[in-house]
Amino acid sequence: MTQRRVPRPAELAEILRPRPIVLNPTERRLAKAHTIADLRTIARKRSPRAVFDYTDGAAELEDSLRRARQAFRNIEFRPNVLRGVAEVDTGTDILGVRSALPFAFAPTGFTRMMNHEGERAVATVAQREGIPYALSTMGTTSIEDVAAAAPRARKWFQLYVWRDRSAGKDLMQRAWESGYDTLMLTVDTPVGGARMRDVRNGLTIPPALTLRTFLDGAMHPAWWINLLTTEPLTFASLSSWGGTVADLINKMFDPTLDYEALDWVRASWPGKLVVKGIQNPDDAAEIVKHGAEAVVLSNHGGRQLDRAPTPLELLPPTLDAVGDDAEVWLDTGILSGGDIVAALARGAQTCLIGRAYLYGLMAGGERGVQRTVDILRAEIVRTMQLLGVRSIAELSPTHATLR
């Protein structure tokens with residue numbers, strides 16, 4: 001028979017170790033987030049439904065986004081052992097400039113709708129972490145204000161070509177004069193995608209205070225208080241708008257965009273040029289001939305054409321088509337550091353993340369964006385160590401195969 005005894009106080013003290021009490025509610029909330037999925041869960045609770053769905057959703061049946069994420073889940077890592085991975089270098093060169101981590105913050109529109117700290121918070125974290133940040137044409141903080149908030153950050157500006165070319169020319173000039181060294185031209189948006197969550201939620205920019213949003217706001221009072229007591233939610237790079245996102249795209253963006261327009265952008269912009277929204281290897285090769293230093297394999301986060309090609313699967317043929325003439329980047333479907341390592345192993349020069357940091361922003365403002373970076377960094381380092389690689393340059397297709 002098992003003999004029982006009364007435990008000594010010292011023995012109880014070893015196992016009864018309550019967690020320290022965290023008084024700050026934001027820090028307490030973010031401490032529970034160990035993955036990007038955890039941040040998404042918090043963001044969903046903290047944000048009105050229409051706002052969360054705008055960030056989280058995609059076009060039509062959302063198959064493009066679902067397939068992109070599934071592709072990363074289909075990756076099989078093949079590690080090497082006995083390689084001595086006590087020290088891991090996560091830095092990489094992006095267009096000739098060193099980045100401390102192998103990813104950049106993608107351009108996202110209406111960022112202050114997700115959280116009132118908005119683009120300034122994201123740029124501040126990018127500056128602190130030594131990674132690039134791309135400000136969107138559809139941003140809600142001006143080119144100049146972002147530059148002032150993060151003067152030492154590496155800043156890029158994302159451009160849509162508008163029907164009014166003079167407006168685009170002015171934006172490029174302002175960005176260059178404010179210290180943005182790279183222009184990211186998005187080419188997959190001749191018209192707006194059918195984002196059905198937004199349609200069903202009746203989302204307008206800025207959000208309209210209807211009976212439905214009022215009732216939803218009662219469940220998220222902090223979000224509405226922050227929205228109503230900070231600077232008005234307007235576009236920083238164009239006049240104000242009171243309709244839906246799709247209506248805005250169809251009114252402002254130029255559906256006649258072609259290679260002549262690309263040549264005009266290349267001639268107008270003195271810095272590095274990246275073209276985003278490539279979904280065909282032949283297009284990538286042709287765009288590089290017109291002066292792009294990098295192309296981004298992207299289906300716009302699944303938010304434009306549903307059932308579009310999956311960027312991760314496009315990597316090998318695009319790398320073959322482009323060769324050494326330009327860098328090939330990747331976005332869409334990235335929700336972990338392991339996803340980033342997989343893309344790099346399969347040949348991408350770097351990755352762009354969008355939803356991941358927006359979940360963090362909605363969960364806790366600047367501190368939430370920082371938590372996103374902390375999570376991704378830890379996952380990147382751990383994955384590299386388990387793969388037996390000490391630097392990004394050591395990654396190769398032998399480390400990550402698609403099942």
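Q: Is Ala175 buried or exposed?
A: The structure is a predicted model, in which local features need pLDDT of at least 70, side-chain atom pairs count only at pLDDT 80 or more, and totals for chains, interfaces and linings use all residues. Residues are numbered from 1 along each chain as its sequence is written, and side-chain values use heavy atoms, with hydrogens and water left out. Buried means under 20% relative accessible area, exposed over 50%, and partly exposed in between, with a 1.4 Å probe and protein chains only. Because its relative accessibility is 0%, Ala175 counts as buried.

Q: Which helix holds Ala175?
A: Helices are DSSP runs of H or I with at least four residues, numbered from the N terminus. Ala175 lies within residues 165-177, which form helix 9.

Q: Which residues does Ala175 touch, not counting residues up to four places away in sequence?
A: A contact requires heavy atoms within 4.5 Å. With residues up to four places away in sequence not counted, Ala175 touches Ile143, Phe157, Tyr180 and Trp269.

Q: How many salt bridges does a search of the whole structure find?
A: Side chains of opposite charge can pair when their charged atoms come close. A salt bridge is a side-chain nitrogen of Lys or Arg within 4 Å of a carboxyl oxygen of Asp or Glu. For the whole structure, the search gives 21.

Q: With which residue does Arg197 form a salt bridge?
A: The closest N and O atoms of the pair are 3.1 Å apart, and the partner of Arg197 is Asp53. The pair links distant parts of the chain, 144 residues apart: Arg197 belongs to helix 10 (residues 196-201), and helix 4 (residues 49-56) holds Asp53.

Q: Is Asp53 buried or exposed?
A: Arg197 has a relative accessible area of 22% and is therefore partly exposed. Asp53 has a relative accessibility of 7%, so Asp53 counts as buried.

Q: Where is Glu231, the residue paired with Arg120?
A: Arg120 and Glu231 form a salt bridge whose closest N and O atoms are 3.1 Å apart. This pair links distant parts of the chain, 111 residues apart; Arg120 is in helix 7 (residues 118-129), while Glu231 is in the loop between helix 12 (221-229) and helix 13 (245-252).

Q: What is the relative accessibility of Glu231?
A: Arg120 counts as partly exposed because its relative accessibility is 25%. Glu231 also counts as partly exposed, because its relative accessibility is 39%.

Note on methods:
Helix = DSSP H or I, 4+ residues; strand = E, 2+ residues; numbered from the N terminus.
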